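Open the structure in your viewer and keep the selection tool at hand. The tour below goes stop by stop, and each stop says what to select and what is there.

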Amino acid sequence: MNIIVLVKQTFDTEEKIVVEQGSVVEDGVKFVINPYDEYAVEQAIQIRDEAGGKVTVVSVGPERAAEALRTALAMGADEAVLINDSRIGHDEHSVAMALHAFVSQEPYDLILGGNFSVDNGAGQVAVRLAKLLSIPHTSSITKLDIAAGSAVAHRDAEGDLETVELPLPALFTAQQGLNEPRYPSLQGIMKAKKKPFRELSLDDLNLDAGTVAPRTERKDLQLPPARQAGKMISGEPAEQAQELFRLLRTEAKVI
Amino acid sequence: MSKTFLVVAETRGGSLRQVSFETISAARSAGGADTTVAAVLLGAATDAFVNELTQYGADRVYTVAHADLEHYNPQAYFAALQTVVQTVQPDAIFFGHTAIGKDLAPQFSAELGAGQISDITAIEVDDSGQALFTRPIYAGKVLEKKAFTALPWIVTVRPNNIAPLAIDATRTAAAEAIAYPEPSLQTIIRDVVRNTSGKIDLSEAKVIISGGRGVRSADGFKPLEELAAVLGGAVGASRGACDAGYCDYALQIGQTGKVVTPELYIACGISGAIQHVAGMSSSRVIIAINKDPEAPIFKIADYGIVGDLFEVVPLLTEQFKLALQP
């Protein structure tokens, strides 16, 4: 079983965001594997441990993204690929085209990714990739069973639970609840240093800049207006409840 | 030449979803008055909804009805919508940022080699006539404005943010039924369990009552559920409550989990970690109930009560019950 896992490096979710000159400041920020991609890595490792084969983690990103791939190797992935080229646009179309060029030249039975990234949160790249590869997919899965060339997955659709069956090769995106990602062990971290790690450019993928040119552009980036602390309501619980109700009706006018 | 924008409408529980009306409105704002806004509805039976889509602003309504479309199937829905797209040749396709829209939109983006701007909450057209789409990123910690550099456009619209157009009962529109292409399907939907029957989806809820570690157990959510029932709202949770096993991850609100923008958000026993606040700070009115007067949640709440949620929440429920009695 050859499994490819799509990984993005993102800000830790506890990080505050600072915007300077239209960009998010990265200095001093803690980066992690996108939490949803972490479920995908864990699932891939579990499937490989059961069925045999190889887990390849791939990321499109700058040099710093190598650290996320090293973490995935330390968790137990077998090989890592970083597609790093400044000509790749900051756009889901661009990233999906770059991944498509790479995945097309690799053997694969299963592709796993996260449901969305906690930074841009567009949730497009994995589904785009499935379409570009002409393979079936199921997004937002909370369970995955693989047997005899086909897969049965549970999909979380706004709280509804769908049971979906599809043949391999196929692509899945992980939703919270799929598994409990492991922490890399010290031994895993040591082993990771010796695992194959490739860095690829557009030229390595036989892509020209036009193919990965973006279809959208950022025009502005701003922090939302800060919320101010409001009124504290004091008194006995019964008085507090009464006063809150009054304020909601007469001042906030939400009821 | 006038443009045509296609809006993909959805039903849930036998009615059109509110987000579909909001998406028609979004397409109209982005395209301007001379744009033809066509709605399309896919499903097992679609005829009953044509008039309502028209009254909410659709100039044309396309329908594709087939048993394969009763539940969402990525391949069946793609094939059905593809037929409509080939007929209409739209300059833009708008979806709700829903379980279906999130899955279907990127398939068309890839198929058409198109740009997609996801999860938008506002649209403005600048002096040069360019449409700018606002989307919260980092779960709302930052607001990004994006524009397309090429046609066609693909857009998904976050529920609860763009006001629908005023309903106009006198409007009429041409309706056209398009035949389902009957593709061979590799993906089979074996079973659908509706966990949400009778419950309101978090992303579309106008009122959310949310619980954190302070609820202390799964049973601790009961008073929150009672308050939600009285207010016609939904129950959410912080990561702390989910990680502690008090509730299902489907309820989680935050940077991991769902981002919500209700009219009223009541945070009960939630401290207000950055990753939670990111997911709810765009709510119109926020109430915090927490024992700890130092809890960071009070810094962003419009109204704060330092107290025991198990005392305060049932009292609130009583207040609302009395007031909202018919």
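**Stop 1: a salt bridge inside chain B**

Select Arg17(B) and Glu204(B): their side chains form a salt bridge, with 2.6 Å from N to O. The model is a predicted one, and every distance in this tour is computed from it.

Now colour chain B by domain, with domain 1 at 4-177 and domain 2 at 202-324. Between these two domains of chain B there is 1 salt bridge. The count of residue pairs in polar contact between domain 1 and domain 2 of chain B is 6. On the side of domain 1 of chain B that touches domain 2, the residues are 4 nonpolar, 4 polar and 3 charged.

**Stop 2: where the two domains touch**

Show both domains of chain B as surfaces. Their C-alpha centres are 31 Å apart. In the contact, 11 residues of domain 1 of chain B meet 11 residues of domain 2 of chain B. About 970 Å² is buried between domain 1 and domain 2 of chain B, and carbon and sulfur atoms give 40% of that area. Next select Ala139(B), Lys141(B) and Asn160(B), the residues of domain 1 that lose the most area to domain 2 of chain B; together they make up 54% of what that side buries.

**Stop 3: the cysteines**

A disulfide is a covalent bond between the sulfur atoms of two cysteines. How many disulfides are there over all chains? The count is 0.

Is Cys247(B) buried or exposed? Cys247(B) counts as buried, at 16% relative accessibility.

Move on to Cys268(B), which is in no disulfide; its nearest cysteine sulfur is that of Cys247(B), 13 Å away. Cys268(B) is also buried, with a relative accessible area of 0%.

**Stop 4: chain B against chain A**

Zoom out and show both chains. Here 88 residues of chain B are in contact with 75 residues of chain A. The two chains, B and A, bury about 7100 Å² between them, with 54% of it on carbon and sulfur atoms.

How many salt bridges are there between chain B and chain A? There are 7. To see a salt bridge between the chains, select Glu144(B) and Arg218(A), whose side chains meet at 2.8 Å, N to O. Across the interface of chain B and chain A, 47 residue pairs are in polar contact.

Key
Residues are numbered from 1 along each chain as its sequence is written. Chains are lettered from A and ligands numbered from 1 in the order in which they are written. This is a predicted model: local features need pLDDT of at least 70, side-chain atom pairs count only at pLDDT 80 or more; totals for chains, interfaces and linings use all residues. Side-chain values use heavy atoms; hydrogens and water are left out. Domain bounds come from an automatic or database domain assignment. Contact means heavy atoms within 4.5 Å. Buried area is the accessible area (1.4 Å probe) that two parts lose on being put together, summed over both. A salt bridge is a side-chain nitrogen of Lys or Arg within 4 Å of a carboxyl oxygen of Asp or Glu. A polar contact is a pair of N or O atoms within 3.5 Å; within protein, one must be able to donate a hydrogen and the other to accept it, and residues adjacent in sequence count only if both atoms are side-chain atoms. Ala, Val, Leu, Ile, Met, Phe, Trp, Tyr, Cys and Pro count as nonpolar, Asp, Glu, Lys and Arg as charged, and the others, Gly among them, as polar. A disulfide is a pair of cysteine sulfur atoms within 2.5 Å. Buried means under 20% relative accessible area, exposed over 50%, partly exposed in between (1.4 Å probe, protein chains only).
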